[in-house]
Amino acid sequence: MKLDLNQIKNITCGAVRIEEENGGTRFYRFTEEQEHLYKITNEDFYNKTFATAGIKLSFKTNSNRLGIRIKELQCVSRKYFSFDVFVDGKPIGYIDNFSHKSLPRDYTLENLEDGDFSGTFDMVEGEKTICIYLPWSAKFVLDEISLEDGAYITPVKPEKKILVFGDSITQGYDALRPSMRYVSKLAEAIDAEEFNKAIGGEIFFPDLAEIKDYFTPDYIAVAYGTNDWNVSNEETFKYNCRKFYKTLSENYKNSKIFAITPIWRKELNEYRPFGKFEKIAENIKQAVNDLENVTVISGFDFVPKDEKYFADLRLHPNDEGFDHYFKKLFEEIKKALG
């Protein structure tokens, strides 16, 4: 039984729109207005908007078999991708382009294939909850998702929503599995549907904050700063940071906003025109100190300061590093929520 477009829409979490394309289904995490903003300002970032970070399919079914067929897959960030298939909270398999290889310790620059991919998964009998995490690093057309004939399908969606902004780390660099991203884990821990607006390489971009989404999130998490330190000066940063948070605070007056300062990076003691790396966190705290719905969370110690927890050995966490990030962040958010 091949699921139709309406059934796919019903079981999708984290997409702001879903469209039929070339006989299949495309998922979008940015609105058309947000995409257009990037199209006219940064072509590379515009291309990254089409990666499916934070989007997943979640449903209950009594089918004993699941089929997935993907076409026209193209990586838009790193050159590796994964679709993670979970049943009742446990992984049962993946569709990816790297499992057949022995990856080096720094796998971030591996040149792997794009194209068409498929997988079939046998499952235990009876009702089960299936969750399929879509790649943070690729755009594609879902050609087909199928269950056994006569099987039922019931959407599973959290009632709450979390809207996230950030750079590459929040998009997912460099988790091998999208289910291991820190935001994936956080959203599940607080039982919220994730809507991800993170872009690899991005800095505080006030114009993006001005474009409201169609929904009102319960929570908003923002994690910029490490790229700002790398490419900006302090005065520009102060202006963009303040305007971004003030706009968010006004647009979403009833949302709880978390301002997460950057994690450790190996080259933090190198010279940058901005100044010392720790001034980023200091400036973020100053920028939001009068915004009542914004809570600052210091992220500097979230990932152990050891290159073994970083895929590129310096900046982007690997799966183990992301697990540390999630656990520390979740503890801080629990404190903030009381």
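Helix H8 covers residues 234-251, and its 18 residues reach 26 Å from the first C-alpha to the last, close to the 26 Å expected at 1.5 Å a residue. Bear in mind as you read that this is a predicted model.

**Helix H8 on its own**
- Asn-233 caps the N-terminal end of H8, placing a side-chain oxygen 3.2 Å from the backbone nitrogen of Glu-235.

**How H8 meets H9**
- Two packed helices are described by the angle between their axes and the distance between the axes.
- Here the axes of H8 and helix H9 (residues 278-288) come within 9 Å and cross at roughly 40 degrees.
- That angle makes H8 oblique to H9.
- The crossing in which H8 passes H9 is right-handed.
- From H8, the residues taking part are Glu-234, Phe-237, Lys-238, Cys-241, Arg-242 and Tyr-245.
- On the H9 side, they meet Lys-279, Ile-280, Asn-283, Ile-284, Ala-287 and Val-288.

**A closer look at Glu-234**
- Glu-234 sits in helix H8 and is buried, because its relative accessible area is 18%, under the 20% cut-off.
- The side chains of Glu-234 and Asn-283 are joined by a polar contact of 3.1 Å.
- Setting aside neighbours within four places in sequence, Glu-234 is in contact with Phe-274, Lys-279 and Asn-283.

**Helix H5 and its surroundings**
- Helix H5 (residues 182-189) is mostly covered, with six of its eight residues buried.
- Those buried residues are Tyr-182, Val-183, Ser-184, Lys-185, Leu-186 and Ala-187.
- The strands that the buried residues of H5 pack against are E9 (128-133), E12 (160-166), E13 (192-196) and E14 (219-223).
- Helices H4 (168-171) and H10 (319-337) also pack against the buried residues of H5.
- After H5 comes Asp-191, which has a positive phi, near 55 degrees.

**Gly-89, out in a loop**
- Gly-89 lies in the loop between strand E6 (82-87) and strand E7 (90-96).
- With a relative accessible area of 60%, Gly-89 is exposed.
- Gly-89 and Leu-147 are 58 residues apart along the chain, and 19 Å separates their C-alpha atoms.

Note on methods
Residues are numbered from 1 along each chain as its sequence is written. This is a predicted model: local features need pLDDT of at least 70, side-chain atom pairs count only at pLDDT 80 or more; totals for chains, interfaces and linings use all residues. Side-chain values use heavy atoms; hydrogens and water are left out. Helices (H or I, at least four residues) and strands (E, at least two) are DSSP runs, numbered from the N terminus. The expected span of a helix is 1.5 Å times one less than its number of residues. A polar contact is a pair of N or O atoms within 3.5 Å; within protein, one must be able to donate a hydrogen and the other to accept it, and residues adjacent in sequence count only if both atoms are side-chain atoms. Axes are lines fitted to C-alpha atoms, for helices over the stretch in contact, and angles run from 0 to 180 degrees between N-to-C directions. Angles under 35 degrees count as roughly parallel, over 145 as roughly antiparallel, 65 to 115 as roughly perpendicular and the rest as oblique. A crossing is left-handed if the near helix is turned anticlockwise from the far one by less than a right angle, and right-handed if clockwise. Contact means heavy atoms within 4.5 Å. Buried means under 20% relative accessible area, exposed over 50%, partly exposed in between (1.4 Å probe, protein chains only).
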